[in-house]
Amino acid sequence: MGDIGNDVQRASSLDEVNIFFDRAADRLSLDDGMRALLKTPWRELSVSLPIRMDNGEMLILQGYRVQHNGARGPYKGGVRYHMEADMEEVRALASLMTWKTALANIPFGGAKGGVQCDPSSMSVSELNRVTRRYVQNIDHILGPNRDILAPDLGTNAQTMAWMMDAYGQIHGHTPACVTGKPVELGGSDGRESATGRGAVFITTEAVGDIGMVMRDAKVVVQGFGNVGSWFARIACEQGCVITAVSDANGGVFNSRGLDVQALSKHVAESGFVAGFPDAEDLTNEELLELECDVLVPAAIDRVINAENAGKVKARLVVEAANHPLTPEADEILANRGILVLPDILVNAGGVVVSYFEWTQNLYQHHWPEERVNTELRQIMSTAYKAVREQANRQQVSMREAALMVGINRVARVVEMRGFVP
Ligand code: NAD
């Protein structure tokens, strides 16, 4: 375990992501200069967002945008609305976007944004005002050939519609400045389900490689938002049995399998998964320790860590969320023979279909969903095979292999462009 022991408990998301980066950079024998260039964000913006709440009070929220690396194309990455969104977290997530777009081999760099707020406690009009303020305050670094926003934790198609509108009021109608928009406003068919669908494609490939089948595989999903709920629905269609899911308030469990459609209806009506009939309630901590074939963290970061990694009872962990495992947990699971599929591979489907959306907007064209899903599958499958081949050839984990492929592609382009005169 070397030197990461207890220090990792206090490490920031960025420190942890950089531990993963350094392991891959060591394998690639990157020199110190290139390491520093690839780790350092190219531009960071922190903005204050004063807004009037519905009760008349003024609230000043903090917003962030980190453009980590633009060597391969315009910066690309989601914006999250969450109480823990801060510069360190956004920096970490922005760097993951750089390796993710490179691994998927789409022509973007990496970025991330965040607003420190609790969207569940805000009204629709308050959220609209915060969103407009955020775009107005960072609009000088945005644009279809500069930096393209997208949804993430706590944001959705409605948020993207407001962002597009706010940007358009300054620059004129520009649908390609934001992806994940409603289809009526130039969004792509298949974008909403893309991250979950892409994650199921990757899971299916890996399940086959380790001699399992999707049919009757027991699957546990943490998070029932965009990514988790689509993962559950599509995995169910593949014959998986979804035994447990959760949201921020806790989860539900049924060893015979949950009716995911009925559960979605229950969540739409009540707002929570808890209380779903024909299932037992359980906590998020209990859910992560359930016996299952496939465990899918699809909510927030660092939920599997040194404390609970020894208690995970899955055969396969599928990182649908960004950075759900600490480096220490990663090592514990590896030592226990549990295969981990890394975030930059598993959840790349979202940014891949964002790329399709951006392309459609630039050409003012609309693809049928079948084309979106077929091309998504091709890109995910190519990325999976590149990672598996690298892992086998170098005898490294899937995470190290994925990062090696992504980092190497960015490093090569940095050299070619002659960035460092
Ligand atoms: P979302 O806001 O739609 O859903 C998040 C879900 O997680 C909700 O069910 C919420 O209740 C739950 N949650 C929040 N805090 C929790 C906690 N402390 N414990 C357990 N559950 C909790 O967000 P999303 O878009 O589904 O994003 C989920 C993860 O996937 C994030 O890590 C995000 O960065 C990543 N991701 C999202 C996309 C995308 O296209 N939306 C793409 C790539 C990666």
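L127 touches Y81, P119, M122 and W162 when residues up to four places away in sequence are not counted, contact being heavy atoms within 4.5 Å. The model is predicted, so local features need pLDDT of at least 70 and side-chain atom pairs count only at pLDDT 80 or more, while totals for chains, interfaces and linings use all residues. Residues are numbered from 1 along each chain as its sequence is written, and side-chain values use heavy atoms, with hydrogens and water left out.

**Around L127**
- L127 is found in helix α5 (residues 124–138), where helices (H or I, at least four residues) and strands (E, at least two) are DSSP runs numbered from the N terminus.
- L127 is buried, with a relative accessible area of 15%; buried means under 20%, exposed over 50%, and partly exposed in between, with a 1.4 Å probe and protein chains only.
- L127 and I202 are 75 residues apart in sequence and lie 34 Å apart in space, C-alpha to C-alpha.

**The sheet**
- Strand β8 (residues 250–253) runs antiparallel to β9 and is joined to it by 3 bridges, and V252 stands opposite D281 in β9.

- V420 lies in the segment after α15 (398–417), and V420 is exposed, with a relative accessible area of 60%.

Note on methods: Two strands pair if DSSP finds at least two bridges between them.
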